[in-house]
Structures are given as structure tokens and as C-alpha cells.
Amino acid sequence: MSADSLIIRELGIQPYEAVWHSMQDFTNNRTEQTQDEVWLLQHEPVFTQGTAGKAEHLLMPGDIPVVQSDRGGQVTYHGPGQLIGYLMIDVKRHHLGPRTLVTAIENSLIDLLTSYGIKSYAKADAPGVYVDDAKIASLGLRIRRNASFHGFALNAQMNLEPFSRINPCGYAGMRMTQLSDFIGDVDFDDLIKRVIAQFVNKLAYSQVNYLSVKE
């Protein structure tokens, strides 16, 4: 397989910290020949603080654990029913700067939502994707050794209540929304297929290999 091929891993529902440390290990050990990977999964309930996170944005976490992460950005929530996409991409090989990669992710999600008949947009001053001033997808990346890790979280069909326990992404009162608010029940297998198609198209991979390890 060429270095320009992409491996897609479907991981099911996973605890945050184990996957985070796996991303770190992958990034630390990759070489110029390592194939890029996208991990698609859901997380058990967790609040994560990015490197810019401030304690005052964590209002009342209650019984949900809080993890200090090394991704960019402020605090957010992950839980079942939210599609996570972690992008381990050799940004040097793809000639991508940080802002270019963020834009590619945002545009992929915007086009994905368009395929469901939903009009969405990005904001230059607040990374992510929005529908009618409500946030439907959050972004948080880290680039190290010319490679990215972490990625995006798309609210699909989940319990949005935990977002009320924080100032999402550092914005007090930010409204959150999700795909099911617009289309009803979400077929996650179909959603994943659409997500993969968007990223393969935007980053122009020559070959895609699927590895599902869902339990």
C-alpha cells in the first residue's frame, strides 16, 4: 500500500483516555512512510479540556469525569450518539497548514450536512460547524512532528444536557444542536459512509482501506 492511502478504523464506543493515548503513540511512532488513518468512534461520557481551557468554563460537571487533554481549544463534551473523527494525517505530505486542515474538516462536515438537506456554515473566529447559530460540530486538533491528531465531534443523536454544565468551547450560553433534530433517527452506518466519502474527496487519497474493530 502506498503512503498516500488512508486507513479507516471504526472503533465503536470507547473510553476517552485510552484512545487519546493511542493517538499519541501512533503520532510518536509514525514515519514518513506511515499511512494516514482516520478513527471513527463514539466516547463514553466525558468532558475534555483543551490546552486553552479555563476552569471557569467548567460549570458543574457532576458525575461526568473531566480530562485535561493536549488538543487545542476549550472545554467540550463527548458521549454516546456523537460521532468522533480522529485524523492522523501527515500534514507535510499533504502540504497542509493548520488553518487549511481546519478548513478542510469544516468543509467536509458542511458538505456532509448538505447531503442531508441541512444548511450549515463555519465561523472564522470560532472553529466548528453551525446551523442557525447553534453548534453542531466541534473541532480540536494538535499537530506534532508534521502530523495531526485529535479531530472533530459531530453531534448526531445524543443527550445534549451535559453541554449545559459547561460553556461549550468557552462560550457562555452557546446553543448546541444535533443531526437528529433535523432528520429524526440517525442511521450511524450511513452517516459513517458519508463522512468517509467527504474526507477521501477533500484530501484526495488514492486508496482507502477499512478496518472495523467494533465490538
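Predicted model: local features only at pLDDT ≥ 70, side-chain atom pairs only at ≥ 80, totals over all residues.
## Rings paired with rings

Now for aromatic rings that pair up with each other. A pair of aromatic rings is described by how far apart the centres are and by the angle of the planes. The count here comes to 6 aromatic pairs. Take Tyr16 and Trp20: their ring centres are 6.0 Å apart and their planes sit at 35 degrees, so this pair is tilted.

Both Tyr16 and Trp20 belong to helix H1 (residues 16-29), where they are 4 residues apart, about one turn of the helix. Are they buried or exposed? Tyr16 has a relative accessible area of 4%, so it is buried. Trp20 comes in at 9%, so Trp20 is buried as well.

## A link between helix and strand

Phe26 and Trp39 make an edge-to-face aromatic pair, 6.2 Å centre to centre with 70 degrees between the planes. This pair links distant parts of the chain: Phe26 is in helix H1, while Trp39 is in strand S2 (residues 36-43), 13 residues apart.

Phe26 has 16% relative accessibility, and since buried means under 20%, Phe26 counts as buried. Trp39 is buried too, with a relative accessible area of 7%.

## A cluster of rings

Elsewhere, you can look for Phe47, Tyr77 and Phe163, which ring pairs link into a cluster.

Note on methods. Residues numbered from 1 in each chain as written. Heavy atoms only, no water. Phe/Tyr/Trp six-rings, centres within 6.5 Å; stacked < 30°, edge-to-face > 60°. Helix = DSSP H or I, 4+ residues; strand = E, 2+ residues; numbered from the N terminus. Buried < 20%, exposed > 50% of the residue type's maximum accessible area, 1.4 Å probe, protein only.
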